[in-house]
Amino acid sequence: MASASSTSARSLFADSKMRLADRVQVNVNNVSSLARQITRGSKSSEILMHSARNFAVQEQAMENAENNLKKMQLIAVHLGYQHDSITKSAQQLEEIKEQVCAMQR
Amino acid sequence: MGSEHSTQSGAHGSHSAQRQGSLNKDGYKLSNIRRQHTIANPGGSEAVDNDNGRPGSISPGPSVCSDIDLPYISYTVNRPIGDSPKLTNKQLVKSKSNSRRAQQSKQNKTKSNTAHNIVVVRGATTNTPGIEKDPDVIRLQGIPMFLPIMRATLSLPAARDPEVLERLDPMPFCNLCLRYQHHLTTAANLVATEQNHLTQRIREADSEVTRMVSVASEKQRKFAKYAEKFSKVQELSHQLNRCHMLLNQTLESMETLNNYLDISDRLEPFVWTTG
């Protein structure tokens, strides 16, 4: 009696287990297809991927700009030196004029 | 194999029993899932220890209400072959509550027996934390128990389906999904336009910087030439100074030379006259 009930229960369970698993699988597949439709239908990932790729191209431009700015900083320093030397020379012009006058005397 | 089969089917049967609305509390589902994991171990329960209680579980013990469609499920859970289903509730409760702990202790005992009679004061519980700490399992356990909307059983046809389907309207859900989809699209477009603006500004800034660098370098070249020319002034002043000094020296030496001569032969004192 006991073994009979357990065997019948077991055979029942095998069938219902399979069908339950099938139903669960169908449901899960449906949910996943719905989610995929939502994400693919709004082409959000594609749009964002395009924009990210474009932005990544600008990396080169930004590096270029950074290098140029560094060069410009050096150029500014050089310009400062040249400005100093020119002002010094301009002042010396005046002194030399006086010297020449003194020598002429 | 037989006992394993019965335990697995029993677990599944009890699982389906819950889904069909038996009088079980939430804790039962938790413990059931846990038991499913431990039952599926290959070294599964062969003997049941009737003396230990369930460790560390606050939830009440599993109930033994029989199901609507599939009877005698609770009797076949964790029962080896040949067990009488007319066992008392106490023994069943004890067996169910002890199954998990029994498997642990059984594994520990087998481990300790095969390891040359090492006395294990506290058994190693390596297996269950490995399962319990899994984030997916924890999330699964966090799902509350819910009833299906359509109470159709697996084998019988959906008798109550028409009246349920009348009340279930998919249109709102469809609209919700469409709206979400549209929202995602708009958000993505917004972000894309912002990124495009930024890209444009970056390109403009880059071109500006290059233009300014070229202008600055041009200026620097011109200034370098001017500075070179102006530095000649310095040279000029040097040479003038030397010239002056040389002239003075020459005048002095002329004076001394003139003084070395006799007074009769001396020339006139030198006066520098400019034309």
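In helix α8 of chain B, B:E218 and B:R221 are 3 residues apart, which puts about one helical turn between them. Their side chains form a salt bridge, with 3.1 Å between the closest N and O atoms. B:E218 is partly exposed, because its relative accessibility of 42% falls between the limits of 20% for buried and 50% for exposed. The coordinates behind these values belong to a predicted model.

Helix α8 spans residues 170-260 of chain B, and several other features described here lie along it. B:F223 and B:Y226 are also in this helix, again 3 residues apart and about one turn from each other. Over all chains, the count of aromatic pairs comes to 1. The ring centres of B:F223 and B:Y226 are 6.3 Å apart and the planes meet at 40°, so the pair is classed as tilted. The angle gives that class because stacked pairs have planes under 30 degrees apart and edge-to-face pairs have planes over 60 degrees apart. B:F223 is partly exposed at 29% relative accessibility, and B:Y226 is partly exposed at 39%.

Helix α8 also holds B:T199. What is the relative accessible area of B:T199, and is the residue buried or exposed? The value is 3%, so B:T199 is buried. Leaving aside residues up to four places away in sequence, B:T199 touches A:N54, A:F55 and A:Q58. These partners are residues of chain A, and the protein chains shown count as cover when a residue's accessible area is computed.

A:S89 sits in helix α2, residues 44-104 of chain A. With a relative accessibility of 5%, A:S89 counts as buried.

Chain A as a whole has 2 helices and 0 strands. Of its 105 residues, 25% are buried. The chain exposes about 7400 Å², and carbon and sulfur atoms supply 59% of that area.

Helix α1 of chain A, residues 2-41, contains both A:R19 and A:D15, which are 4 residues apart, about one turn of the helix. These two residues form a salt bridge whose closest N and O atoms are 2.4 Å apart.

B:R139 and B:D136 both belong to helix α6, residues 135-142 of chain B, and are 3 residues apart, about one turn. B:R139 is exposed, with a relative accessible area of 62%, whereas B:D136 is partly exposed at 45%.

Which residues form the nonpolar patch on the surface? The patch is made of A:L34, B:F173 and B:L176, with about 290 Å² of accessible area together. B:L176 lies in helix α8 of chain B. Its relative accessible area is 54%, so B:L176 is exposed.

The confidence of the prediction remains to be considered. The predictor gives the complex an ipTM of 0.72 and a pTM of 0.48. Chain B averages a pLDDT of 68, with 48% of its residues scoring at least 70. Across residues 1-52 of chain B the pLDDT stays under 50, and the model has 101 contacts beyond four places in sequence for this stretch. Residues 63-67 of chain B also have a pLDDT below 50, with 11 contacts in the model beyond near neighbours in sequence.

Notes:
Residues are numbered from 1 along each chain as its sequence is written. Chains are lettered from A and ligands numbered from 1 in the order in which they are written. This is a predicted model: local features need pLDDT of at least 70, side-chain atom pairs count only at pLDDT 80 or more; totals for chains, interfaces and linings use all residues. Side-chain values use heavy atoms; hydrogens and water are left out. Patches are made of residues with over 30% relative accessible area and no salt bridge: like charges are joined within 9 Å, nonpolar side chains (Val, Leu, Ile, Met, Phe, Trp, Tyr) within 5 Å. Accessible areas come from the Shrake-Rupley method with a 1.4 Å probe; for residues, only the protein chains shown count as cover. A salt bridge is a side-chain nitrogen of Lys or Arg within 4 Å of a carboxyl oxygen of Asp or Glu. Buried means under 20% relative accessible area, exposed over 50%, partly exposed in between (1.4 Å probe, protein chains only). pLDDT is the predictor's confidence in each residue, from 0 to 100. Contact means heavy atoms within 4.5 Å. Rings of Phe, Tyr and Trp (its six-membered ring) pair if their centres lie within 6.5 Å; planes under 30 degrees apart count as stacked, over 60 as edge-to-face and the rest as tilted.
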